[in-house]
Protein chains: 2
Amino acid sequence: MHKVETLTYPIETLKSFSSRVFQYFGVDPSDADLAAEVLAAADLRDIESHGVARLHTYFDMLTLGRINPKPEIKIVRETASTAVVDGGNGLGLVVGPKANRIAMEKALSCGSGWVSVCNTNHFGIAGYYVLQALKHDLIGWAMTNSTKLVAPLWGGERRLGTNPIAIAFPGLEEEPIVVDMATTAAAYGKVEMARRKGDPLPEGWAIDAGGQPTTDPEKMVQGGALLPLGSTRERGGHKGYCLATMVDVLCCVLSGANWGPFAPPFALRQEMPERSVGKGIGHFFGALRIDGFIDPDEFKRQIDDYVRTMRATKPAPGTDGPLVPGDPEAAAEKIRAVHGIPLILPVVEELRDISRKTDIPFD
Amino acid sequence: MHKVETLTYPIETLKSFSSRVFQYFGVDPSDADLAAEVLAAADLRDIESHGVARLHTYFDMLTLGRINPKPEIKIVRETASTAVVDGGNGLGLVVGPKANRIAMEKALSCGSGWVSVCNTNHFGIAGYYVLQALKHDLIGWAMTNSTKLVAPLWGGERRLGTNPIAIAFPGLEEEPIVVDMATTAAAYGKVEMARRKGDPLPEGWAIDAGGQPTTDPEKMVQGGALLPLGSTRERGGHKGYCLATMVDVLCCVLSGANWGPFAPPFALRQEMPERSVGKGIGHFFGALRIDGFIDPDEFKRQIDDYVRTMRATKPAPGTDGPLVPGDPEAAAEKIRAVHGIPLILPVVEELRDISRKTDIPFD
């Protein structure tokens with residue numbers, strides 16, 4: 001176990017700092033609060049790579065004018081239960097919640113709502129969106145594509161994003177079941193962590209620039225690629241690739257965004273794609289009204305039973321038995337909401353850098 | 001390579017035999033044709049375990065009165081874009097296509113349609129349903145739960161079915177992208193094949209009755225379990241478990257069917273669940289009207305571009321480069337539609353046994 005030095009901040013401090021940073025660029029105050037809330041959800045749920053650790057990247061993109069702080073977000077086509085939204089190249093942290101709201105409104109009026117979004121940018125954690133849906137007794141879905149990092153099975157180069165899928169189901173007495181997963185064997189953040197510590201990667205995570213399997217994090221980062229969930233043909237790597245493709249098509253081909261290797265870069269150091277096949281990146285949101293299928297209380301009682309049944313599974317030797325999807329994040333949120341968010345020093349330094357450049361006070 | 005003796009039959013022979021077998025039990029002739037068509041789709045697409053290789057099991061279940069040959073299939077709750085269907089304990093091969101049709105009709109009228117089905121039985125290959133949707137310029141989704149065979153990550157026993165997910169996207173000049181995948185590391189059929197040949201399993205596929213990883217197919221079959229896609233915590237086994245849970249909830253909790261370890265057995269030799277939490281097994285069908293999002297021709301041109309872009313990926317060393325989801329099945333279908341379906345002798349013997357018992361002629 002390596003000891004990593006951290007400083008701990010109340011979530012409200014991080015949220016109000018983030019909001020003021022967005023407002024500094026002219027983002028409408030209520031939109032800035034919304035964006036800050038999405039980032040905070042990541043920090044609360046211990047998906048640190050997607051929280052304020054990314055604020056400096058948003059800051060850079062806004063500084064360079066690569067993201068529009070005052071986008072016109074509009075529906076470009078729709079039916080009673082579907083829509084395409086053009087995000088006007090706004091912050092994904094603002095476009096995402098607004099498009100998700102459209103999906104939820106459509107669901108409330110006709111049973112389900114499905115919104116594919118183009119011309120947008122990174123939207124934070126997919127889990128944030130599906131938790132919003134739960135407040136309205138809706139089953140929420142959220143997906144997004146992202147800059148290429150992943151090789152399709154039998155591919156020797158990056159062609160797909162980590163393309164996460166989220167969905168949530170409410171319980172009555174139990175915490176909701178919350179699925180929020182990248183379609184890769186491992187998160188890129190874990191590769192970066194291993195690189196920083198000088199640890200090797202487990203087998204099945206990555207290939208190098210020559211397309212060969214590697215356990216060297218440096219070789220993955222320097223022109224290599226992540227492997228899809230399943231890793232190899234033998235263990236079902238084609239299935240992770242299938243899921244990444246599904247997400248890509250629903251988010252991008254359906255909306256007119258850039259899919260696969262053509263997704264624009266998020267961070268400044270990433271290379272520009274060889275061509276453009278649409279506008280920005282893409283998201284996909286869905287909402288299903290539970291009472292369009294079954295009495296919501298009956299549904300939630302069954303979810304409670306489901307959760308308890310899975311917890312009662314005979315444990316595999318050497319384990320405490322299965323968790324329920326969402327358990328680790330819900331546990332983290334309980335602690336972090338009270339005790340604050342521990343940030344590693346490089347992240348604190350980035351926030352201080354923003355503070356210096358904007359004159360917005362930070363600690 | 002083991003040489004396996006086979007006999008080859010035209011698909012029409014198998015289809016008409018299957019239909020007559022279903023009619024023997026009183027299944028309505030047009031429903032029997034439909035059920036035979038679903039089985040034939042599996043044999044054509046080389047997903048042999050789900051084709052006529054299963055006819056004897058359906059025969060047994062109908063003989064014992066465990067499946068109702070003349071079910072009342074009814075909508076028990078609905079909104080404009082959603083419904084729950086009770087399959088009346090009919091053949092999944094009949095209930096499935098009818099429920100899928102309801103999803104498609106709803107999509108044609110309001111942009112999308114979502115149908116969760118209870119009180120049904122095994123429905124063949126999920127891929128069949130999503131290919132139907134393509135005929136109407138719809139994006140089709142299909143999922144089903146099934147009898148327990150899979151351990152959740154860190155579980156030491158069977159608690160979930162192989163719970164497949166299918167979705168398809170049409171191209172203009174290219175074949176459609178067709179995802180059809182179980183949420184496990186490997187199919188149960190592959191374990192049975194290894195067992196028959198006396199081959200060991202690859203690591204990451206299975207555990208034994210004690211919950212320990214095993215490469216012995218016999219130990220998986222005798223009270224062990226399959227592992228979810230991702231296999232281990234390190235390689236994302238929690239994600240395969242998440243996907244299986246998602247399928248289970250959408251198919252069963254939403255419809256009032258039996259989820260998780262309580263799914264009723266399909267084959268006679270399987271044990272009865274300890275309790276019942278609903279009716280039969282469950283399916284989930286979805287349909288999205290492409291023109292509810294984007295011009296369908298533009299969508300299909302982008303899919304063509306997508307397919308060609310993925311094929312042009314630099315191959316990983318020692319491979320011919322990535323396939324596109326659905327490639328192997330589409331290739332098999334072209335050959336088998338012309339040259340017939342090779343059946344291994346044990347399957348031929350089962351069909352002959354049905355023929356003897358019903359007086360329906362077979363070869």
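In the predicted model, L226(B) touches L149(B), V150(B), T162(B), T184(B), A186(B), Y188(B), W205(B), A206(B) and M220(B), when residues up to four places away in sequence are left out of the count. L226(B) also belongs to the largest nonpolar core, a set of 236 residues. Within this core, the members that touch the most others are A35(A), V130(A) and L226(A), together with A35(B), V130(B) and L226(B).

The domain assignment divides chain A into three parts. Domain 1 is made up of residues 1-69 and 339-363, domain 2 of residues 71-184 and 234-312, and domain 3 of residues 186-226. Between domain 1 and domain 3 of chain A, the C-alpha centres are separated by 27 Å.

Helix α8 of chain A comprises residues 237-253.

Helix packing was examined next within each chain. Two packed helices are described by the angle between their axes and the distance between the axes. In chain A, the axes of helix α3 (residues 55-63) and helix α11 (residues 345-358) come within 9 Å and cross at roughly 35°. From α3(A), the contact involves L55(A), H56(A) and F59(A), while α11(A) contributes E350(A), L351(A), D353(A) and I354(A). By residue class, this contact between α3(A) and α11(A) consists of four nonpolar, one polar and two charged residues.

In chain B, helix α3 (residues 55-63) packs against helix α11 (residues 345-358) at an angle of about 35°, the axes being 9 Å apart. Here L55(B), H56(B) and F59(B) of α3(B) meet E350(B), L351(B), D353(B) and I354(B) of α11(B). The residues involved in the contact of α3(B) with α11(B) are four nonpolar, one polar and two charged.

The contact between the chains draws 71 residues from chain A and 71 residues from chain B. On the side of chain B that touches chain A, at least two residues each come from strands β3 (82-86), β4 (112-120), β6 (165-169), β7 (177-181) and β11 (281-289), and from helices α8 (237-253) and α9 (296-311). The most is given by α9(B), which supplies seven residues to this side. In composition, the side of chain B that touches chain A holds 37 nonpolar, 25 polar and nine charged residues.

Technical notes
Residues are numbered from 1 along each chain as its sequence is written. Chains are lettered from A and ligands numbered from 1 in the order in which they are written. This is a predicted model: local features need pLDDT of at least 70, side-chain atom pairs count only at pLDDT 80 or more; totals for chains, interfaces and linings use all residues. A nonpolar core is a set of buried Ala, Val, Leu, Ile, Met, Phe, Trp, Tyr and Cys residues joined through C-beta atoms within 7 Å. A residue is buried if 20 or more other C-beta atoms lie within 10 Å of its own, exposed if 12 or fewer, and partly exposed in between; C-beta atoms are placed from the backbone. Two residues are in contact if their C-beta atoms, placed from the backbone, lie within 7 Å. Domain bounds come from an automatic or database domain assignment. Helices (H or I, at least four residues) and strands (E, at least two) are DSSP runs, numbered from the N terminus. The expected span of a helix is 1.5 Å times one less than its number of residues. Axes are lines fitted to C-alpha atoms, for helices over the stretch in contact, and angles run from 0 to 180 degrees between N-to-C directions. Ala, Val, Leu, Ile, Met, Phe, Trp, Tyr, Cys and Pro count as nonpolar, Asp, Glu, Lys and Arg as charged, and the others, Gly among them, as polar.
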